Structure formats: C-alpha cells, structure tokens
Amino acid sequence: MPHRRSSNTCCALAAAVVLALAAGPARGEDAPTAPAPAPTPAPTPTPAATPDEPASQPPGIEIVGFVDTYYGFNFNRPDGDVQLRNFDTKHNQLSLGLLEVALEQKPTPQSRLGFRADLDFGPTTDMVHAAEPGGADIFKAFEQAYLSWLAPAGNGLQLDVGKFVTPHGAEVIEAKDNWNYSRSLLFALAIPYYHVGVRGTYAINDRVSLGGFLVNGWNNAVDNNSGKTFGLQAIVKPHPKLTLAQNVMMGPEQADNTDDSRFLTDTTVTFNATSAVSFMVNYDRGTDTLAGAGVSWQGVAAYARLQATPTWAITPRVEWLDDSDGFMTGVSQTLREVTLTSEHKVSGGLLARFELRRDMAEEAFFLKDDGSLSKSQTTFAIGLVYAFGSRF
C-alpha cells in the first residue's frame, strides 16, 4: 500500500494554500463529447439573491450514478494485483470497479440548505478506505456525504460540513470524469482521496472563486492525532480557454504526532485550444518527516485530448514521478509511465475505453509470472462505464 495513502505511516504536512481553477464535468454527468478541464470536486456556490429577485420553488433532488467495469491484462503475468495502480488492479479478469449512486439538492437563494451523498460499492471504495485510521469500514459506503448552506453574503458563500473528496489533483475517483481510464501515478501516490471536516467556497465573479477547509487530515474520517489539516483554495480563469489550478495544504498526519508536518503543493493547468483539442499538465510536490528524517516526492503528468469525432476521442498521457526517498513506493526510485486511451461513446450513457499503458522504474520493481522482478510492465485494459441520472 503506498505510503502517501496511510495516515498512520505518513508524517504531516506543513502549509496549506489551494489555488484551483476552472471546474470540469460534475460528478455523475456523462463524459463530455469534447475536451474539457479536469473535474473539480469543490462546488461552485450559487449566486446570492438580489433584493428584487422573484421567489421560485426549491430545487428538486437530482439522482445520478454509474457502473464501472473493466478487463485488464498485464503482460508480465504477475501472481497478484497489478502494481502502482489504483482501482484497475486485477490481471486477466473481468472485474467490477465501482457502482455509484449520488443524490444532491443544491442550495439556492430561495432554499439555502442542501446536501450531497455519494453511495459507493465495489473494490474501488475498498481501496479508497484501506488506510482509514478508524477502520476500513468506517463510512466506506459514502464517498461523499455533506450538508450545505448558502450564506447571504455577496455573491454567495457556500459552506459544506461532512465528508468530501479532495480538491487536489487533475483526476478523480470516478473513471467516467477522467480523460484516461487508469489513474495517474500522481493520483495513486501523491495526493489524498477524501477529507472530513468543513469547507467554504465563495465566487468573487465568473472567473475567480476562493475557498478554504479545516479537516481531520488525509483520508481520516476518524483522526489519528489531535491536530488538524488546513487548506485554502482559489479558482481563477484568466482566459476562456485557460484554467489554472494551484493547491496547497498543511497539517499533522502521523499517528499520535502533532510535531511534524506534511506539505503538499498541487498545480493543474488546462488549455482548451479548440473545441476538439485540449492539453493539461499536473504537478505535485510534497514533503514530510519520517523517523526524524525529512522526505520529499514530486512528479508531473502531461495530457492531450483529441476529440476526433463527436463519439471518439484519443488521450495520450506521459508521467514522471521522483520518489528518491522511497516514501511513496517503499523503494528509492524514479518512475515513468506512458498511456494511450481510445474513448468511444456508444449510446444511451455507455462509454467504452481501450487503453495501452507502460510503467517503467529505475529499479527492478514489477513482479513477473516466475516471481522475478522487472523494471517495466505493459498492460492493456478495456473499461466499460454506464452512466444514468434523473431529477425529481
């Protein structure tokens, strides 16, 4: 299990400022037919009502969801799960990844209370909660579950209390909302999955919004120490085609230790060159303390997306991760990966992705069928995702 996902084995971060930019497809929506910015978990506050705004009925409850299944083949033919993968871990098996059903009622100026609840079932949510200090079954069925309140302040200050997914990273837990099927090394190793606490988001205008949060820590429904993790967020869109995202957070993450701190900075830049061509870059750097010694990690992932037709898109991804202190993988090494994904919108909410990926390491790290280790692994996957939704 990667060290960055465990709040019991990892030390703590030190500084929290999040600059996040431009929201992408909302969780539960169908995958876009044209390139779009990476999904942004944090909600966009509903504008506050003006004094002469007419009253309207409270918004209904929206129900959305999806079923994610896949077949994966590792050409190393290991006796066990595929290494350095999140969620698409099974070799030569037809597998269920995730079943998700989400209910949401957004707060509005006419009905200022709202909620969001994402119910998850399957191996993916097992992996997400594997390092939970309170036990892997604590709130495992809820990827998110929070209450919202839209305060009558300026353009609208939205406060959320409960469990919510992290604002960090260019990718999310839901496969359908990413550009590739498999998750990047940065998603798997460099950032958290979720937080429990309170967050606030305020939209200054249609180009800039600010936010902040106070949470237990990384993947902590039950805290493992008496400290708390802090974060700040800013969303800025300087140009209609350009999205910039900068995230930083700090807080003690080591079990029964509030003296050491972990620091994470996360940057995502998305450029929609045309309606058919988009580019994205994600950079992460973190520092921590382990057994009294400082450790660090950093990496970058670059994406391109070509929407060749309304129903077919191609997305290559290249990535580099420096884990010279062995904090993420347990081995002092630098990792690289190259992925090529072909996406096909079939019909009626069904999405198919065919993906070829090669992972490479400086050291012999990847298991082979004879028990030996290799410096690389090549995998092929077919992912099928069916999305649905309604409102009442």
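User: Is Asp-359 buried or exposed?
Analyst: In this predicted model, Asp-359 counts as buried, because its relative accessibility is 1%, and the cut-off for buried is under 20%.

User: Which residue does Asp-359 form a salt bridge with?
Analyst: The partner is Arg-357, and the closest N and O atoms are 3.0 Å apart. Arg-357 has a relative accessible area of 2%, so this residue is buried as well.

User: Which residues are linked with Arg-357 and Asp-359 in a network of salt bridges?
Analyst: The network also includes Arg-85, Asp-88, Glu-171, Arg-317 and Glu-337.

User: How many salt bridges does a search of the whole structure find?
Analyst: The search returns 19 salt bridges. One of them joins Glu-343 to Arg-305, with the closest N and O atoms 2.9 Å apart. This pair ties together parts that are 38 residues apart in sequence, because Glu-343 lies in strand β15 (residues 333–345) and Arg-305 in strand β13 (residues 293–309). Both Glu-343 and Arg-305 are buried.

User: What about Lys-176: which residue does it form a salt bridge with?
Analyst: Lys-176 pairs with Asp-177, and their closest N and O atoms are 3.1 Å apart. Both residues of this pair are buried.

User: Now Lys-163. Where is it found, and what is the nearest side chain of opposite charge?
Analyst: Lys-163 is located in strand β6 (residues 157–165). The nearest side chain of opposite charge is that of Glu-132, at 6.4 Å. Lys-163 is buried yet has no salt bridge, as the distance to Glu-132 is 6.4 Å and a salt bridge must fall within 4 Å.

User: Which backbone oxygen does the side chain of Lys-163 reach at 3.2 Å, and which lies 2.6 Å from a polar atom of that side chain?
Analyst: At 3.2 Å, the side chain reaches the backbone oxygen of Phe-139. The backbone oxygen of Phe-142 lies 2.6 Å from a polar atom of the Lys-163 side chain.

User: Which residues does Lys-163 touch, not counting those up to four places away in sequence?
Analyst: Phe-139 and Phe-142 are among them, together with His-129, Glu-143, Gln-144, Ala-145, Tyr-146, Tyr-194, His-195 and Val-196.

User: Changing topic: how many aromatic pairs does a search of the whole structure find?
Analyst: There are nine aromatic pairs. In the pair of Tyr-70 and Tyr-181, the ring centres are 6.1 Å apart and the planes stand at 50 degrees, so the pair is tilted. Tyr-70 is in strand β2 (residues 62–74) and Tyr-181 in the loop between β6 and α2 (185–189), so the pair links parts of the chain that are 111 residues apart. Both Tyr-70 and Tyr-181 are buried. Elsewhere, ring pairs link Phe-87, Phe-187 and Tyr-193 into a cluster.

User: What separates the C-alpha atoms of Tyr-70 and Ala-381?
Analyst: The C-alpha atoms are separated by 6.9 Å, although the two residues are 311 residues apart along the chain. Ala-381 lies in strand β19 (residues 376–391) and is buried, with a relative accessible area of 9%. Leaving aside neighbours within four places in sequence, Ala-381 is in contact with Tyr-71, Gly-72, Arg-353, Phe-354 and Glu-355.

User: Finally, what pLDDT does the protein chain average, and where does pLDDT stay under 50?
Analyst: The chain averages a pLDDT of 87, and 85% of the residues score at least 70. Values stay under 50 over residues 1–41, for which the model has 216 contacts beyond four places in sequence. They also stay under 50 over residues 47–55, for which the model has 14 such contacts.

Definitions and conventions
Residues are numbered from 1 along each chain as its sequence is written. This is a predicted model: local features need pLDDT of at least 70, side-chain atom pairs count only at pLDDT 80 or more; totals for chains, interfaces and linings use all residues. Side-chain values use heavy atoms; hydrogens and water are left out. Buried means under 20% relative accessible area, exposed over 50%, partly exposed in between (1.4 Å probe, protein chains only). Helices (H or I, at least four residues) and strands (E, at least two) are DSSP runs, numbered from the N terminus. Lys and Arg count as positive and Asp and Glu as negative; His and the chain ends are not counted. A polar contact is a pair of N or O atoms within 3.5 Å; within protein, one must be able to donate a hydrogen and the other to accept it, and residues adjacent in sequence count only if both atoms are side-chain atoms. Contact means heavy atoms within 4.5 Å. pLDDT is the predictor's confidence in each residue, from 0 to 100. Rings of Phe, Tyr and Trp (its six-membered ring) pair if their centres lie within 6.5 Å; planes under 30 degrees apart count as stacked, over 60 as edge-to-face and the rest as tilted.
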